[in-house]
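Hello,

Here is the structure I promised to pass on to you. Please open it first, and then read my notes below.

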Amino acid sequence: MTDLELSMSRTWAEINLDELAHNFRILRSILNPSAKFLAVVKANAYGHGSIHCARKLQDLGADWLAVAAIPEGIELRKNGIHIPILCLGQADPNLAPLMFEYNITQAVGDFQNAKALSDYAQSSDRTINIHIKIDTGMSRTGFYWPENHEGKDRTAREILDTCNLPGLKAEGLFTHFAAADESPEFTRLQLRRLIEAKDYLSRSGHEFGITHAAASIGVLDYPAAHLDMGRFGLVLYGYASTETGNEDSTLGLHPVMTLKSRITAVRHLPAGATISYGRTYTLKRDSVIAVLPIGYADGLHRVLSNNYGVKIRDAACPVLGRVCMDMTMIDVTDIPGGVKAGDVATVFDGELMPIAAKNAGTIIHEMVCAPSGRVPRVYINNGTMTV
Ligand SMILES: *Cc1c(COP(=O)(O)O)cnc(C)c1O
């Protein structure tokens, strides 16, 4: 058995890098031509496999990549990624030697951590690249940009002191929108605050090479927020909206991931039989049930018990009873032509993902990240499938 066959023997995620390329080209054409393209590949590229996706994006001409944690960046550097990498997560001074060794640019949102990075850089005669994060309303990380004048003066001075720390090179300034898909008013306010901070710092003598603000929806909906760089996450993976997917979109994005599972058993059970733990479903008729080797440990959320349907040859197959850790039962009674062990069910694809997200009470961001480490990724690249 080949590695590819083994990977596709139970439950696997097909990652179509040709669709990633398709999305990249669409998004590149939307982004202001003078702005840089940053591809967000944190969290294993939203579950799609960060090494393969990062290599493809680098080949396609992405200018930057972003990760959430230094180890994610190290993994990319060890696998042939040479374009700039920005670590968006909170700076951990203990990891300063690694930022230098692997040439990872670190987001910095407070003076204390910056000082600790600087102390390391200075003591070892090195330079660490940083992007200054401004909190314009997300209240997560960054120098909080206040409303009153004295506050602005004080914060600008603190940022300036950070930029001037020895051993640090502050080449970027950025913020993150809290409600780009919900509140144009608040988003514009956040953008105004960032520009204001930039102007304050410029007047004090510090110019940043790259100012950036917009993630996926920010780029799509706010051309004024493109600035020097767009940070593309979910849209790259093929969804124009984290709730409705591509339902209301004319962009033509193509979802990159399809999660599949191979039926292990087909069972004929009588009316009245109860299905799975807790007996939450009772068969109303004599039925044909298929067992799928996928459970919540693979990324099929347990909250989808009795509340979701997978597809077999485009026919809907409702999930019956509770999703178990490693298995799920589905109703295949009405599938034309019948099903047999070995047939493949599509668990998530571009059409099902928004439904899964809605029924699970979450967003597509979380759904695409759900397939766990146990689920092999197989890649389609230039029409060829590989592991
Ligand atoms: C995750 C993240 C992004 C990407 O967000 P999408 O909505 O997926 O495009 C961009 N910027 C920051 C700071 C992030 O944390």
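**Domains and overall build**

The C-alpha centres of domain 1 and domain 2 lie 39 Å apart. The bounds, which come from an automatic or database domain assignment, are 31–232 for domain 1 and 257–386 for domain 2. Eight residues of domain 1 touch eight residues of domain 2, where contact means heavy atoms within 4.5 Å.

Before going further, a word on what you are looking at. This is a predicted model, in which local features need pLDDT of at least 70, side-chain atom pairs count only at pLDDT 80 or more, and totals for chains, interfaces and linings use all residues. Residues are numbered from 1 along each chain as its sequence is written, and side-chain values use heavy atoms, with hydrogens and water left out.

The chain has 12 helices and 21 strands; these are DSSP runs numbered from the N terminus, with helices being H or I of at least four residues and strands E of at least two. Along the principal axes, the C-alpha atoms fill a box of roughly 80 × 45 × 40 Å. Of the 387 residues, 52% are buried, meaning under 20% relative accessible area, with exposed being over 50% and partly exposed in between (1.4 Å probe, protein chains only). Among contacts between residues at least 6 apart in sequence, 66% join residues at least 24 apart.

Which residues does Phe 24 touch beyond its neighbours within four places in sequence? They are Phe 37, Leu 57, Leu 60, Gly 61, Ala 62 and Leu 236. Phe 24 sits in helix α2 (residues 17–30), and it counts as buried because its relative accessible area is 4%. Phe 24 and Val 235 are 211 residues apart in sequence, yet their C-alpha atoms are 8.8 Å apart in space.

Leu 57 belongs to the buried residues of helix α4 (residues 50–60), which also include Ile 51, Cys 53 and Ala 54. Just after α4 comes Gly 61, with a positive phi of about 110°.

Asn 16 is part of strand β1 (residues 11–16). Is Asn 16 buried or exposed? It counts as buried because its relative accessibility is 18%. Leaving aside neighbours within four places in sequence, Asn 16 is in contact with Val 256 and Ile 380.

**Strand β18 and its partners**

Strand β18 (residues 328–331) has Thr 328 and Ile 330 pointing one way and Met 329 and Asp 331 the other, and all are buried. Strand β15 (residues 287–292) runs antiparallel to β18, joined by four bridges; two strands pair if DSSP finds at least two bridges between them. Within that pairing, Leu 292 has Thr 328 as its bridge partner. Strand β17 (residues 315–320) also pairs with β18 in the antiparallel sense, over two bridges, and here Val 319 is partnered by Ile 330.

**Helix α11**

In helix α11 (residues 352–359), the buried residues are Leu 352, Met 353, Pro 354, Ala 356 and Ala 357. What do the buried residues of α11 pack against? Their partners are β11 (257–262), β16 (309–312), β19 (344–348) and α12 (364–369). Following α11 is Gly 361, whose phi is positive, near 70°.
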